[in-house]
Protein chains: 2
Amino acid sequence: MALKFEILKRIGKTRLGILHTKHGDVHTPAFMPVGTCGTVKAMMPESVAATGAEILLGNTYHLMLRPGADLVEKMGGLHKFMNWEKPILTDSGGFQVMSLTGLRKLKEEGVTFRSHVDGKKFFLSPEESMKIQHKLDSNITMCLDECTPFPASYEQAQKSMQMSMRWARRSRDAFIDRDGYGIFGIQQGSVFKDLRDESAEKLKAIGFDGYAIGGLAVGEGQEKMFEVLDYAPMSLPDDKPRYLMGVGRPDDIVGAVLRGVDMFDCVMPTRSGRTAQAFTRFGAINIKNARHREDPRPLEEGCDCPLCKNYTRAYIHHLQKCNEILAVMLLTWHNIRYYQRLMQGLREAIANDSLEAFCQQFYADQAKGDIEEI
Amino acid sequence: MALKFEILKRIGKTRLGILHTKHGDVHTPAFMPVGTCGTVKAMMPESVAATGAEILLGNTYHLMLRPGADLVEKMGGLHKFMNWEKPILTDSGGFQVMSLTGLRKLKEEGVTFRSHVDGKKFFLSPEESMKIQHKLDSNITMCLDECTPFPASYEQAQKSMQMSMRWARRSRDAFIDRDGYGIFGIQQGSVFKDLRDESAEKLKAIGFDGYAIGGLAVGEGQEKMFEVLDYAPMSLPDDKPRYLMGVGRPDDIVGAVLRGVDMFDCVMPTRSGRTAQAFTRFGAINIKNARHREDPRPLEEGCDCPLCKNYTRAYIHHLQKCNEILAVMLLTWHNIRYYQRLMQGLREAIANDSLEAFCQQFYADQAKGDIEEI
């Protein structure tokens with residue numbers, strides 16, 4: 001296969017693995033920071049690498065609008081353009097396009113839409129999405145699909161999933177195989193087990209390098225999401241990476257890893273970094289809160305990121321009050337580092353046969369923390 | 001003296017020197033990036049140090065409002081608070097306060113003003129400014145003065161200068177001497193030679209660790225400024241550092257170094273970094289300009305900053321178009337590095353007896369450059 005996935009160890013449904021790509025290895029379970037427009041917002045790429053991140057997610061929708069896939073290709077591909085030499089996964093553009101309510105028209109052939117930036121008309125089909133992701137030089141290309149909205153009736157979910165499966169076939173056919181590059185299919189089916197199973201069967205019949213679980217984290221809540229994750233990953237191939245798209249909060253990730261998921265992406269650590277919110281071992285903190293004004297402590301005792309090593313909560317609070325860019329830079333760095341420490345902790349716990357103890361400690365810490373609602 | 005200044009070499013009026021402080025040495029001619037609110041905007045302090053900057057300027061006005069001098073003192077001083085272990089110079093707060101037209105009331109005793117942030121009332125006098133700068137743990141404290149507006153009549157300039165000299169006396173008296181810390185007087189007198197001379201005499205009679213030239217770069221234009229700099233620095237002590245406040249563009253700095261100035265500060269490199277403008281050997285560039293859209297070249301050939309080493313103009317143009325914070329981070333870094341390279345070039349040229357050739361090359365490069373108006 002074009003992408004090699006090794007499973008090193010299993011504990012229950014949980015797996016420790018390595019995904020080998022042309023641009024390097026990804027140790028799983030893995031979290032991918034999001035680099036929407038060819039940059040992880042407010043981070044130098046070398047700083048992203050320093051957090052331990054081994055793979056980034058790029059957004060096809062944003063990059064096809066600005067600067068355009070042709071320009072990125074001309075500049076040597078997305079890795080070179082954005083100075084990130086490690087692996088990159090790109091989404092298909094579908095998720096963003098489908099959410100352009102009123103600006104897009106969906107047909108079997110593909111989606112016609114208008115750019116949110118300047119109103120320019122674009123067309124996205126499975127074939128177009130493959131072409132764009134190829135030009136971007138993405139290590140992991142995602143099939144174009146429709147992320148079924150929640151809630152959906154059984155009939156809506158079925159119809160949407162079945163179109164996505166036809167698009168998966170067209171995506172696979174249009175994808176150009178290369179060593180160290182691969183394509184992932186995306187399971188849909190909303191919260192209906194038989195639709196999830198049907199989707200998995202169809203994807204397996206096509207054959208992919210990895211399998212994503214789509215259509216979750218779209219408003220159904222953690223309980224419902226975990227209900228689906230109790231069965232959905234199990235219908236996907238056991239020897240391929242499983243990727244839960246757009247998830248999530250730290251406890252979402254831990255719960256999904258326990259249910260057999262290997263890969264994650266989410267804007268939460270980066271977006272929260274731009275709104276004064278920090279993830280810590282003891283829950284979330286909003287550094288704008290007045291109680292941090294004179295607090296000489298680090299944001300999170302024991303964290304090795306530059307924010308926690310070199311600054312007080314009082315300083316970050318001050319930067320935030322003054323709307324200083326450095327607050328965003330440091331909080332984003334901390335949050336990405338927090339997520340990477342969490343993934344590293346999970347990987348080590350699997351390796352050391354201490355996954356249960358790790359998770360108990362994780363939940364206890366989060367619960368006893370001085371948790372503020374994000 | 002509390003601050004030791006060594007002059008290593010002279011060429012004409014130009015000097016090569018080292019200013020020794022408690023927090024390290026400053027090689028002159030030196031440019032100080034501005035860290036208004038306890039951060040050089042969009043820069044990690046380790047990155048500021050990596051540009052070659054050996055000293056920062058902090059703003060007393062901004063820091064007294066937020067987070068307040070008492071808090072900074074409680075946190076161990078400004079160096080520790082902002083994680084900058086090298087020297088810091090603080091201004092007196094006077095310049096910002098005086099520009100709060102309508103919000104401030106100036107008397108012999110001091111200035112009463114309202115914060116631009118929340119309208120809270122403050123009082124700033126020479127004694128208060130000294131107290132605040134002491135609490136900030138500033139290595140170089142500036143006297144409180146009135147920056148005489150331009151244009152001013154002879155009488156206005158005289159009256160303003162004479163009050164500034166009485167305030168200089170009070171500042172010196174209130175300043176607490178410590179090893180490795182010092183206080184600079186500020187010459188005023190607008191564009192009138194005899195007032196500049198009178199101001200210099202009064203400052204010398206008081207005795208300072210260094211002498212600033214104030215009241216320039218306030219709208220008089222480069223020609224007029226250079227006219228004043230033809231004589232103003234010469235009336236200040238020959239064995240102490242001379243600091244031209246708030247200057248300037250690269251060619252302002254070169255012209256002032258040739259006229260005997262040792263130290264500079266300006267928001268230009270940092271502010272320009274936030275508005276897509278870059279300084280280069282061949283003049284200023286606005287990276288927003290459409291002609292950079294597909295340009296695979298570095299911003300400035302030969303520059304060793306991360307922007308020029310790792311990215312194309314096309315990428316920075318793209319980031320700028322998307323309002324990405326990384327554009328600000330990289331452009332600010334480049335601009336500060338450009339200023340530091342300029343200062344380093346000047347210092348090496350003095351050391352190597354090639355100052356004239358250096359300046360000829362500098363003017364020729366700037367003139368032949370693809371200059372865009374900033």
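**Reading domains and chain contacts**

Author: Let's start inside one chain: 22 residues of domain 1 of chain A are in contact with 21 residues of domain 2 of chain A. Two residues are "in contact" if their C-beta atoms, placed from the backbone, lie within 7 Å. This is a predicted model, where local features need pLDDT of at least 70, side-chain atom pairs count only at pLDDT 80 or more, and totals for chains, interfaces and linings use all residues. Residues are numbered from 1 along each chain as its sequence is written, while chains are lettered from A and ligands numbered from 1 in the order in which they are written.

Reader: Where are the domains of chain A?

Author: Domain bounds come from an automatic or database domain assignment. Here that assignment gives domain 1 as 8-266 and domain 2 as 274-362 in chain A. Taken over C-alpha atoms, their centres are 27 Å apart.

Reader: Which element gives the largest share of the side of domain 1 of chain A that touches domain 2 of chain A?

Author: Elements are DSSP runs numbered from the N terminus: helices (H or I) have at least four residues, strands (E) at least two. On that side of domain 1 of chain A, H10(A) gives the largest share, 5 residues.

Reader: And which residues of H10(A) are buried?

Author: "Buried" means 20 or more other C-beta atoms within 10 Å of a residue's own, with C-beta atoms placed from the backbone (12 or fewer is exposed, in between is partly exposed). In H10(A), the buried ones are Pro250(A), Asp252(A), Ile253(A), Val254(A), Ala256(A) and Val257(A). After H10(A) comes Gly260(A), with a positive phi near 95°.

Reader: Now the two chains. How many residues does each chain bring to the contact?

Author: Chain A and chain B each bring 30 residues. On chain B's side, H13(B) provides the largest share, 5 residues. By class, that side of chain B has 19 nonpolar, 6 polar and 5 charged residues. Nonpolar covers Ala, Val, Leu, Ile, Met, Phe, Trp, Tyr, Cys and Pro; charged covers Asp, Glu, Lys and Arg; the others, Gly among them, are polar.

Reader: What rotation superposes chain B on chain A?

Author: In general, two copies of a chain are related by a rotation about an axis and a shift along it. Copies are superposed by least squares on the C-alpha atoms of residues with pLDDT of at least 70 in both. For chain B on chain A, the rotation is 180° with 0.0 Å of shift along its axis (RMSD 0.0 Å). The two copies are therefore related as by a two-fold rotation axis. In chain B, Ile325(B) has the C-alpha nearest the axis, 4.0 Å from it.

Reader: Why do we say the copies meet through the same surface?

Author: Because 100% of the interface residues of chain B are also interface residues in chain A.
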